[in-house]
Amino acid sequence: MMNSFAFNIPFVSIFLLMLAAIVTPLLPKRNRLPEKLSCCVVGLVAILSAWLLYSLTSYGQSLTFNYSMGHYPAPWGSELRAGPLEAVLALFFCVAMLLSLTGNFSSTAEDIAPDRRQIFCSLVNLLMASLLALTYTNDLFTAYIFVEINTIAACAIVAAKDDPEATRSTMRYMVISVTGSALIIFAICLLYELTGYLSMQHMNGAIRALVSAKSYLLPLSVALALMTVGLAIKSALYPFALWLPDVYVNLTNASGAILSGLVIKGHIFLLIKIFYRVFGLDLIHMLHMDTAIFILGLLSMIVGSVHALREMNIKRMVAWSSVAQVGYIFLGIGLNTSAGIAAACLHIIVHASVKTMLSTAAGGLSNAAGHKKGLHALMGTFYINRWAGLGLIAGAFSMMGIPAFAGFASKLSLTMASFDHSFIVWSLAGLAVSSVMNALYYVPAVIVVLTHNKEAREDFTASAPPTLYKVSMFVFLALNFYLGLFCVPLLRLITRGVNAL
Amino acid sequence: MLERLFINHYQTAAVILSGIGLTNLLLQRNLIKKIIGLNIMNSAIFLFLAAKGNINPLPSVMALAGIVITLSLTAFALALTLKIYEDSGTLNIDEALLKKTKEQEELEAIIEQAEEEEIFS
């Protein structure tokens, strides 16, 4: 039987992070204590999630449990639900967050003023708490609250750098993000009016009853469409992703890694849960939402890459590449089979760890070139910050899908998942074209970084990267190879988690 | 079809209002008007919830939470607006965005440099 503390881990991890968010502004500023505290708390939550994962999977059969909050049972009170998939996602989110905080520890000090850094830490903790809550929640009311907390925390993180451009891009991000949350809350209200519940399982029962009585099908599909569009806006799917590059280019390195690697993933997982738990895959198919998502995913893969090809600025290039990668995830969801969703979840994990590495590496390289972001300015920076250069190369290979790198694992599983599906031709063609295009823009970037540039080297001001940067980059690289080489047990675990969702 | 809109007139009004709010949020160029649009949109959602009007506490709880969230979003957006006004001296988002960014300056410098090199070679 599971250790009884393990049942409390979902709640304890969210609670610890929120507590840390309250405590950090009260700490003394010397020695960067608040930042160290938030790193420690995120690390602790990562260990707790690993423990939860171990307890859930070590008894042969995978186990899921519901954890009710407060004194009221499910239809009224709010509930958390944890299974292997939630635990593994929480673990990887925490690890990616920890590494992007430690990897950018010194560049954060340059970018953000000391008195703002404390608030920044508090918001990072709040953001992490909201990500975990989105991962674990089992009712739409909690989901709504934490989507909004996520919005506010993410906006404030975008605004962390105190300059006019960052403020303007925060305003743009906020308008888009608030639009997304308004659509989500409208969908939740509609679903509540139709079913009378907010808890996911109860909603599912009521929706099934409505569908078998063939009543209220139009409002149901409107609610589903609103929910999907709202969450797609927040997770930067193509037609709704035009905000991402403009916002991303003004971010500090740490916020960039967090925003493109983690913030958008929480919303995608929420969408998967709503598809699986609230509607059920057969109803999604009946309402044709799977086809819509598949087409948008395909479009996102291609158009994101086309835009990335045209970019001269490394940060914008990485941002457009994020749009393409989100397309892969939605392609997996659009396949609407448990294998497809498992592949999508694997790609969520892969992208969360690779994109945070790429952002950290791109930030390190652009700092080495004296805070310039144009691709031309980065010539020869590999020889100044070799760890960042290695990170960029490994990340680029991973995005192209070279075997032994993380991206290969998820592309392989997406391909396998699309084999017994009627969209196989489209899916394979999309994967092939998008991989080639990834190579078309990442290879030149790698070549530029590796080219010797003797003249410009005197301009470069940065010294060798700090030890913490090297260690974080080493762990990033190790994680990348682990995901690329040993993904089969992980994929099996995810498949079990998806079936138990 | 049309008579259902009259039967559920609260919901119809809420949807129309939130549409008005959303268009204001997205299309207004003045930042203060954008924020007013945000408030109209969220109030419409509270109307939608309040129209349910029975003894069930869940809609009231959602509306209360929504009010708190809208309040904090509005406060944050107003703070940002103040900051943008201090920086660029205008409330119009287009005019504020027209100011040259560092990124564009960097790109222009690169293009100029490339052109000069071409002339000399």
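Reply: What follows takes the salt bridges one by one and then turns to the interface. The model is predicted, and the values below are computed from it.

Over all chains, a search of the whole structure gives seven salt bridges. Side chains of opposite charge can pair when their charged atoms come close.

A:Asp246 is paired with A:Arg316, with 2.7 Å between the closest N and O atoms. This pair links distant parts of the chain, since A:Asp246 sits in helix H10 of chain A and A:Arg316 in helix H14 (residues 314–335) of chain A, 70 residues apart. A:Arg316 has a relative accessible area of 14%, so it counts as buried. The salt bridges here share partners, and one network joins A:Arg172, A:Asp246, A:Glu311 and A:Arg316.

A:Asp246 also meets the side chain of A:Arg172 in a salt bridge, at 3.2 Å from N to O. Because A:Arg172 belongs to helix H7 (residues 164–195) of chain A and A:Asp246 to helix H10 (residues 243–248) of chain A, the pair ties together parts that are 74 residues apart in sequence. A:Arg172 is partly exposed, at 34% relative accessible area. A:Asp246 is partly exposed as well, with a value of 22%.

Another salt bridge joins the side chains of A:Arg117 and A:Glu35, at 3.7 Å from N to O. A:Arg117 lies in helix H5 (residues 114–136) of chain A and A:Glu35 in helix H2 (residues 33–57) of chain A; the two are 82 residues apart, and the pair links distant parts of the chain. Are these side chains buried or exposed? A:Arg117 has a relative accessible area of 11%, which is under 20%, so it counts as buried. A:Glu35 is likewise buried, at 7% relative accessibility.

A:Ser107 is a further buried residue of chain A, with a relative accessible area of 5%. A:Ser107 is placed in helix H4 (residues 105–111) of chain A. Leaving out residues up to four places away in sequence, A:Ser107 touches A:Asn253 and A:Asn367.

Now the contact between the chains. How many salt bridges cross the interface of chain B and chain A? The rule finds zero there. One residue pair is in polar contact between chain B and chain A, with both residues at pLDDT 80 or more. On the side of chain B that touches chain A, the elements giving two or more residues are helix H2 (9–27), helix H3 (31–50), helix H4 (57–88), helix H5 (93–98) and helix H6 (102–120) of chain B. H4(B) supplies the largest share of that side, 16 residues. Sorted by class, the side of chain B that touches chain A holds 27 nonpolar, seven polar and eight charged residues.

As for extent, 42 residues of chain B are in contact with 41 residues of chain A. The size of an interface is often given as the accessible area lost when the parts come together. Chain B and chain A bury about 3800 Å² between them, and 77% of it is on carbon and sulfur atoms.

Conventions. Residues numbered from 1 in each chain as written. Chains lettered and ligands numbered in written order. Heavy atoms only, no water. Contact = heavy atoms within 4.5 Å. Buried area = accessible area lost by both parts, 1.4 Å probe. Salt bridge = Lys/Arg side-chain N within 4 Å of Asp/Glu carboxyl O. Polar contact = N/O pair within 3.5 Å; in protein donor to acceptor, adjacent residues only side chain to side chain. Helix = DSSP H or I, 4+ residues; strand = E, 2+ residues; numbered from the N terminus. Nonpolar A, V, L, I, M, F, W, Y, C, P; charged D, E, K, R; others polar. Buried < 20%, exposed > 50% of the residue type's maximum accessible area, 1.4 Å probe, protein only.
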